[in-house]
Amino acid sequence: MTTGEGLTVGAVAELVGVSVRTLHHWDRIGLAPASGRTWSGYRVYDDDDVARIHRVLVYRELGFPLAEIGVLLDDPAVDERAHLARQRELLVQQI
């Protein structure tokens with residue numbers, strides 16, 4: 001369901017394929033917070049929020065821990081390419 005302000009947590013969960021509980025957890029730890037709230041306090045996600053969630057999912061699929069994903073997404077000084085190259089090397093070793 002959408003609101004005039006954006007997508008509800010249920011709509012985002014269905015869109016990206018994770019549970020509402022996962023999105024609540026990610027919001028609580030600051031990994032993928034909702035940018036807004038309805039007048040009744042429900043989380044509302046805009047397009048930028050959904051794009052961030054997609055990036056979290058990509059990093060998670062590559063095996064990055066949530067704490068490291070947060071650093072990758074939030075620290076402008078982090079070299080994402082270096083992290084991805086390192087993760088690729090680890091995946092190749094596992095294979």
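Student: At what angle do α1 and α3 pack, and how far apart are their axes?

Tutor: This is a predicted model, in which local features need pLDDT of at least 70 and side-chain atom pairs count only at pLDDT 80 or more, while totals for chains, interfaces and linings use all residues. Residues are numbered from 1 along each chain as its sequence is written, and side-chain values use heavy atoms, with hydrogens and water left out. The two helices, α1 and α3, pack at an angle of about 40°, and their axes are 11 Å apart.

Student: What makes α1 oblique to α3?

Tutor: Angles under 35 degrees count as roughly parallel, over 145 as roughly antiparallel, 65 to 115 as roughly perpendicular and the rest as oblique. The angle between α1 and α3 is about 40°, and therefore α1 is called oblique to α3.

Student: Which residues of α1 and α3 meet?

Tutor: Val12, Leu15 and Val16 in α1 meet Val50, Ile53, His54 and Leu57 in α3, where contact means heavy atoms within 4.5 Å.

Student: How do you know that the reach of α3 is close to the expected one?

Tutor: The expected span of a helix is 1.5 Å times one less than its number of residues. Helix α3, residues 47-61, has 15 residues and reaches 21 Å from its first C-alpha to its last, close to the 21 Å expected.

Student: Why is Arg43 called buried?

Tutor: Buried means under 20% relative accessible area, whereas exposed means over 50% and partly exposed lies in between, with a 1.4 Å probe and protein chains only. Arg43, whose place is in strand β4, has a relative accessible area of 17%, so it is buried.

Student: Which side chains make polar contacts with the side chain of Arg43?

Tutor: The side chain of Arg43 makes one with the side chain of His24 at 3.2 Å, and another, of 2.5 Å, joins it to the side chain of Asp27. A polar contact is a pair of N or O atoms within 3.5 Å; within protein, one must be able to donate a hydrogen and the other to accept it, and residues adjacent in sequence count only if both atoms are side-chain atoms.

How values were computed:
Helix = DSSP H or I, 4+ residues; strand = E, 2+ residues; numbered from the N terminus. Axes fitted to C-alpha atoms, helices over the stretch in contact; angles between N-to-C directions.
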